[in-house]
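This report concerns selected features of a predicted model.

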Amino acid sequence: MTCKIYGECKQMDTEMCGNQCWKKVQLDFQYKNSNIPVGYIPAPKLDLKGNSAIDKGNYLKLNDYSLNVFKHVKQGRGVYIWGSNKGNGKTSWAIKIMLQYLKQLHPTIESFEYAKTLFLNVPILFKRMRDNIDNPTKEFKTLEKRISTCDLVVFDEIGTEVPSKWVKENLYVYITEREMNNKCTIYTSNIPLEVLQMNDHLGARIVDRICKQVGRNIIELKATSRRRNN
């Protein structure tokens, strides 16, 4: 059985279970269009072994957010996950939350709908923006629409690259549209917001919008690299 929620669905092992289940087909569609890197499906295991134990309190906060993500998305309440050390679980947590949302979304699916989630690596997004300055492709126009309309968007590694003024303006528009439409956004970064708001980074305008979206949900992970430790 390849269903993403086998073991959790009420239709499991009934005559409705299997490839003919239209909810399974819809869930597969949601996974396919989430843009989550293949290596993160299924979500990486996140535990508190070794150095990660330093983040126990924040793991509990992120786990609570994940378990209640359906409510958070409805309320447009995002989260900013940051930590100066690379590879310590920021992206993994963001994707875990995304996948949890798709699982919680499953019982409410009534028909074939638009893609609900979108994962974006910000440096890659900046490159696409620059490549599409003069003659944007149909694919890029579709991506821009999804950035504004998806229920849940992850901006991964925001602030790791200093953008041009043009890119800043477009990023401001994306983030502002989401904030104005009460859409839920998750951010991961190696940089604290007080540094990110400086003019030689993203600037105060963008960071002000981020703060409105995440409120008090600003979580710092302090452990060293899980990849290096493994």
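## Cysteines

Cys150 has a relative accessibility of 0% and therefore counts as buried, since the cut-off for burial is under 20%. Cys184 is likewise assigned as buried, because its relative accessibility is 0%.

A disulfide is a covalent bond that joins the sulfur atoms of two cysteines. With a limit of 2.5 Å between cysteine sulfur atoms, the count of disulfides in this predicted model is 0.

## Burial along helix α1

Helix α1 spans residues 22-32, and its buried residues are Lys23, Lys24, Gln26, Leu27, Gln30 and Tyr31. These residues lie on the same side of α1, because the arc they cover around the axis is only 160°.

The elements covering the buried residues of α1 include helix α4 (90-105) and strand β2 (117-121).

## Packing of α6 and α7

The packing of two helices is described by the distance between their axes and the angle between them. For helix α6 (residues 138-149) and helix α7 (residues 165-180), the axes come within 8 Å and cross at roughly 40°.

On the α6 side, Phe140, Glu144, Ile147, Ser148 and Thr149 make the contact, while α7 contributes Tyr174, Glu177 and Arg178. By class, the residues of this contact comprise 3 nonpolar, 2 polar and 3 charged.

Conventions: Residues numbered from 1 in each chain as written. Predicted model: local features only at pLDDT ≥ 70, side-chain atom pairs only at ≥ 80, totals over all residues. Heavy atoms only, no water. Axes fitted to C-alpha atoms, helices over the stretch in contact; angles between N-to-C directions. Helix = DSSP H or I, 4+ residues; strand = E, 2+ residues; numbered from the N terminus. Contact = heavy atoms within 4.5 Å. Nonpolar A, V, L, I, M, F, W, Y, C, P; charged D, E, K, R; others polar. Buried < 20%, exposed > 50% of the residue type's maximum accessible area, 1.4 Å probe, protein only. Arc of directions from axis to C-beta.
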